[in-house]
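Have the model open and follow along.

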Amino acid sequence: EAQVTQNPRYLITVTGKKLTVTCSQNMNHEYMSWYRQDPGLGLRQIYYSMNVEVTDKGDVPEGYKVSRKEKRNFPLILESPSPNQTSLYFCASSLVSSPEQYFGPGTRLTVT
Amino acid sequence: AQTVTQSQPEMSVQEAETVTLSCTYDTSENNYYLFWYKQPPSRQMILVIRQEAYKQQNATENRFSVNFQKAAKSFSLKISDSQLGDTAMYFCASEQYNNNDMRFGAGTRLTVKP
């Protein structure tokens with residue numbers, strides 16, 4: 001089944017404790033992206049990647065890191081999480097040639 | 001960069017009736033795509049409908065249709081014969097042609113009442 005998976009689905013952590021949210025897709029998509037969703041703001045892009053070893057900042061990259069060592073994986077790293085990073089996070093992927101993005105199930109992160 | 005505006009934070013409709021969700025966008029591009037996504041309580045993002053800007057004909061998917069007014073930069077979603085399962089957050093989004101940079105509106109929370 002074609003899908004985007006994210007882990008964990010829920011995470012509660014404390015300020016400053018490094019964490020990684022994994023994202024994996026099995027559709028051989030070149031493009032992958034991370035969004036955060038906050039009430040009243042919709043989804044905002046954090047980072048995106050056009051292909052392996054190619055990443056770039058989105059609209060809200062501060063406090064986040066990503067890597068793209070393999071085509072299928074695009075982990076989101078929070079080196080020192082802060083309460084303002086409490087949010088719902090989505091990973092998405094697509095073919096570069098197609099506009100349709102496939103979304104993962106979301107990760108609810110709470111930083112206390 | 002494109003911007004997308006949804007001016008209705010919340011809406012409600014009676015079951016079996018019709019409701020229209022509004023969306024406006026701003027872009028300097030001539031070729032782009034527009035989308036409506038549904039986000040039910042499960043939080044999954046589900047593509048409802050897609051419109052290519054170069055197509056004049058409005059997209060339709062079963063009970064869902066759009067009114068695409070390119071000159072006015074308006075892209076509203078009409079849901080006919082509303083069902084309880086349509087209760088969700090709805091996001092309007094735009095993406096430039098050959099860019100993959102998708103922009104979202106703030107969302108409209110729709111409640112279908114029995």
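## The hairpin of chain B

B:Phe64 has B:Ile79 as its bridge partner in S9(B). These strands, S8 (residues 64-69) and S9 of chain B, pair in the antiparallel sense over 6 bridges. Here a strand is a DSSP run of E with at least two residues, numbered from the N terminus, and two strands pair if DSSP finds at least two bridges between them. The hairpin of S8(B) and S9(B) has 4 residues between the strands, and B:Lys73 takes a positive phi near 55 degrees there.

## About the model

This is a predicted model, in which local features need pLDDT of at least 70, side-chain atom pairs count only at pLDDT 80 or more, and totals for chains, interfaces and linings use all residues. Residues are numbered from 1 along each chain as its sequence is written, chains are lettered from A and ligands numbered from 1 in the order in which they are written, and side-chain values use heavy atoms, with hydrogens and water left out.

## Strand S9 of chain B

S9(B) also pairs with strand S3 (residues 19-21) of chain B, in the antiparallel sense over 3 bridges. In that pairing, B:Thr20 has B:Lys78 as its bridge partner.

How many of the 6 residues of strand S9 (residues 74-79) of chain B are buried? The count is 5, so the strand is largely enclosed by the rest of the structure. Buried means under 20% relative accessible area (1.4 Å probe, protein chains only).

## The sheet of chain A

In chain A, an open sheet of 4 strands runs in the order S1-S3-S8-S7, with antiparallel pairing. Strands S1 (4-7) and S7 (65-66) of chain A are at the edges with a single partner strand each, so one side of each has no neighbour in the sheet.

Strands S3 (residues 19-25) and S8 (residues 76-78) of chain A pair in the antiparallel sense over 3 bridges. A:Ile77 in S8(A) is the bridge partner of A:Thr20.

Conventions: Buried means under 20% relative accessible area, exposed over 50%, partly exposed in between (1.4 Å probe, protein chains only).
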